[in-house]
Amino acid sequence: MNAKPEWADKDYYADLGVSSSATADEIKHAYRKLARENHPDANPDNPEAAEKFKQVAEAYDVLSDASDRKDYDQFKAMMRSGGGFGRRGGAGFPGGFRSPNMGGPGAQEFDLSDIFGGSPRGASQGGGFGDIFGGVFNRGGGAGHTARPSRGADVETQITLDFREAAKGTTIPLQLSGEAPCTTCHGSGSKTGKLSTCKTCDGTGFTSEQRGTFGLSAPCTDCGGTGQRAEDPCPDCSGSGTVHRTRSITVRIPAGVIDGQKVRLAGQGEAGPNGTPSGDLFVAVTVKPDEVFTREGDDLHVTVPVSFAELALGDTITVPTLDSPVRVKVPAGTPDGRTLRVKGRGVPKRSGKAGDLMVSVQVAVPTNLDAAASSALRSYAQAEKDSGFDPRKGWAGNPVKR
């Protein structure tokens, strides 16, 4: 058995450029930075950037989930300590691993499913690291041991949202083509709804094979690992419990999704055979840039043009938000480029609160003044000089007067 999982040599921490002790926030920050840099929209016709984008998305998908990250770390630790796939029968696992069929001093059962697939989360999803080893080592094959129920395939689709839709959340219709429960037999695969014990695996869901000192087992192909079969197969689905069709669903995208993020909808993927659970639907989100707003975390940033008089004398200006405009007071003597904070008018959070709106003021210089305005401005300029105001006073580039 020389094959090993295709991700066994991957280093998700290296893909994100963080250490294995990185915090969740550090991982999120690294992912966002790399996702922006390598996003296909920003790098058209660049296959290297597209591949990098896929790598960081895959790495973040595992490391951003506490349970998946723990499983991944445990697996890599086992591999570093000698556990590998290189020799037939799995020799080389830590702790002096021996097959329970060997007997003799020190023999012990090393159940890899306890490490990688035994959590309720892994069992419910039917995926994860435990599946890699599920068909390799004999789990007993007797009464009381049944295969983990198979499930439908996961489905991934892509959507593009406007900046404001992503920030505020939205509901969109999707059409998906794939395996769906048969409406005739309601997914059971049986014309009458009656199932009987699979004779091939005696209801265990596993078929076993002895190879030397190791017993190898795999999910039964006749019943799909469920341990049951339909004696009277449904004519519309041929006993599988699923049919291929196009279905329409409505997907709610939560507020605050970012560009490149995937939204997981449990149980909305393809239907599993013979009434087993459906897979999950993953919706990959692309967010269009906005002409007015940019975003940093849950804060919105907007730059508002103002006049010199509004900054010098102070004024109240109208500023756009994701909803209705707000009035923002500009204090007298506000310098060009200053950022004013409006609390609670940024991107909504899951807690029900929202980030802040960061308003940067930028002086707009008039290019065409009529005679009256020019005369008034010259009078002001002279008065400004007479008052002793020097805009370059204290500036490092101001020449020293001798």
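The legends below describe several close-up views of a predicted model.

Residues are numbered from 1 along each chain as its sequence is written. Because the model is predicted, local features need pLDDT of at least 70 and side-chain atom pairs count only at pLDDT 80 or more, whereas totals for chains, interfaces and linings use all residues; side-chain values use heavy atoms, with hydrogens and water left out.

**View 1. The protein as a whole contains 10 helices and 15 strands.** Helices (H or I, at least four residues) and strands (E, at least two) are DSSP runs, numbered from the N terminus. Of the 402 residues in the protein, 36% are buried. Buried means under 20% relative accessible area, exposed means over 50%, and partly exposed lies in between (1.4 Å probe, protein chains only). Among contacts between residues at least 6 apart in sequence, 64% join residues at least 24 apart. Contact here means heavy atoms within 4.5 Å.

**View 2. Helix H2 (residues 24–38) crosses helix H3 (residues 47–63).** The two axes come within 9 Å and cross at roughly 160°. Axes are lines fitted to C-alpha atoms, for helices over the stretch in contact, and angles run from 0 to 180 degrees between N-to-C directions. H2 and H3 are therefore roughly antiparallel to each other; angles over 145 degrees count as roughly antiparallel, under 35 as roughly parallel, 65 to 115 as roughly perpendicular and the rest as oblique. The crossing is left-handed, a term used if the near helix is turned anticlockwise from the far one by less than a right angle, while clockwise gives right-handed. On the H2 side, the residues making the contact include Ile 27, Tyr 31 and Leu 34; on the H3 side, Phe 53, Val 56 and Tyr 60 are among them. By class, the contact of H2 with H3 has 11 nonpolar, 1 polar and 2 charged residues. Ala, Val, Leu, Ile, Met, Phe, Trp, Tyr, Cys and Pro count as nonpolar, Asp, Glu, Lys and Arg as charged, and the others, Gly among them, as polar.

**View 3. Helix H3 has buried residues that pack against other helices.** Ala 49, Phe 53, Val 56, Ala 57, Ala 59, Tyr 60, Val 62 and Leu 63 are buried in H3. The buried residues of H3 pack against helix H1 (12–16), H2 and helix H4 (66–80). The 17 residues of H3 should span 24 Å at 1.5 Å a residue, which agrees with its end C-alpha atoms being 24 Å apart. The expected span is 1.5 Å times one less than the number of residues.

**View 4. Thr 207 is found in strand S4 (residues 206–211).** Thr 207 is partly exposed, with a relative accessible area of 32%. Leaving aside neighbours within four places in sequence, its contacts include Thr 200, Leu 216 and Cys 220. Thr 207 and Asp 222 are 15 residues apart in sequence and 9.8 Å apart in space, C-alpha to C-alpha.

**View 5. Thr 221 lies in the loop between strand S5 (214–219) and strand S6 (228–230).** With a relative accessible area of 76%, Thr 221 is exposed. From Thr 221 to Thr 200 there are 21 residues in sequence and 8.9 Å in space, C-alpha to C-alpha.

**View 6. His 186 is placed in the loop between strand S2 (170–181) and strand S3 (195–197).** The phi of His 186 is near 55°, a positive value in a residue other than glycine. His 186 counts as exposed, at 71% relative accessibility.
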